[in-house]
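Colleague: Got the model open. Can you walk me through a few parts of it?
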Amino acid sequence: MDYEPPFLDVYKPLLLQNSHGVGVDDGVSGIRNDKSEWCELPLIDLSRLSLDHVEREECMKEMSEAARTWGFFQVVNHGVSQELLQNLRHEQMEVFRNPFAEKTRENFLNLPPRSYRWGNPSATNLSQISWSEAFHLFLPDIARIEDQHQSLRSSIEAFASAVAPLAERLLQILAQKLNMKFSYFQENCSANTCFLRLNRYPPCPLHSRVFGLLPHTDSSFLTILNQDQIGGLQLMKDGKWISVKPNPQALVVNIGDLFQAVSNDKYISAKHQVVRGEKEERFSVAYFYNPRKDAVIESEMMPAVYRKFSFGEYREQIEKDVKKTGDKVGLSRFLLSQ
């Protein structure tokens, strides 16, 4: 099929080189675990926020507790309609059906360079193989999508417009439960600093050997994910990889590195990954609530766990580490006591 990225062609030498003794282990070292436990994430019904004071406080408490112990939770009655999500999924499937040569063309959809990304062509070992493709879209760039793809542009804009206030609402609650000022997020984050990622995970004949998306944490304050019902998302909990059971009515929310830092490790940015399926493709869309590059990331809680740093500095350090080691090191680079 002409729309599939050339995964096998690019990864073939690496796969042949590692054809003996390739297996899977417990996931802690980075290779996916087929025997992960299925679970349902903590479920937060946001309609309870409109009920009496006791119910509202209990809902907020459950959300904060999930952020502390899981770093993940799912929300229902979130205000993003199923029709909107279905329309976006249809448009998402259509745009990924464009020929690979077209998707990799400069200015495809009139988007900036490197908006379309696939796999990891620079992988040097099996643990760095990623079997996926994605469109990375900063919110201001959505308006640039050319008129012949107007339905795609409209669907993405509708999703961003619905999810942005949801992200702020969740952040406000989580900040309040730690006595943090929500004004900090308002001053440092805006529609110009957040971005979306449309993901596609093609069927993979090397199901037991590679990742759909490598184990990682998100470099955001907060991420909101809409996934299909195929499944594949896993998170690290108590040293084990746990598969997240899809809920068609829910959006998945996870804490990012920056929120872990400003919360002084009260909230956790949990490592997660996407495993591959042999026969079915998988789609998801993620909204990343990020600050501007010069935003200062610093906790008001004492004693501070991390030194003060800017978001731009954090991104630069990640790029250096990935280039040098093939992996993100993340917050541990910024610990005060090392």
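Predicted model: local features only at pLDDT ≥ 70, side-chain atom pairs only at ≥ 80, totals over all residues.
Colleague: Start with helix 1. Which residues are buried there?
Modeller: In helix 1 (residues 7-17), Phe7, Tyr11, Leu14 and Leu15 are buried. Buried means under 20% relative accessible area, exposed over 50%, partly exposed in between, with a 1.4 Å probe and protein chains only. Helices are DSSP runs of H or I with at least four residues, strands are E runs of at least two, and both are numbered from the N terminus.
Colleague: Why do they line one face?
Modeller: Down the axis of helix 1, the buried residues fall within an arc of 100 degrees, so they line one face. The arc is taken from the directions from the helix axis to the C-beta atoms.
Colleague: And what is exposed on the other side?
Modeller: Asp9, Lys12, Pro13, Leu16 and Gln17.
Colleague: What covers the buried residues of helix 1?
Modeller: The cover includes strand 4 (116-118).
Colleague: Switching to strand 11. How many of its residues are buried?
Modeller: Five of five, across residues 251-255. Leu251, Val253 and Ile255 are on one side, Val252 and Asn254 on the other.
Colleague: Which way do strand 3 and strand 11 run?
Modeller: Antiparallel, with four bridges joining strand 3 (residues 72-76) to strand 11. Two strands pair if DSSP finds at least two bridges between them. Val75 has Leu251 as its bridge partner.
Colleague: What about strand 8 and strand 11?
Modeller: Strand 8 (residues 222-227) pairs with strand 11 in the antiparallel sense, over four bridges. Leu225 stands opposite Val252.

Terms used:
Residues numbered from 1 in each chain as written. Heavy atoms only, no water. Contact = heavy atoms within 4.5 Å.
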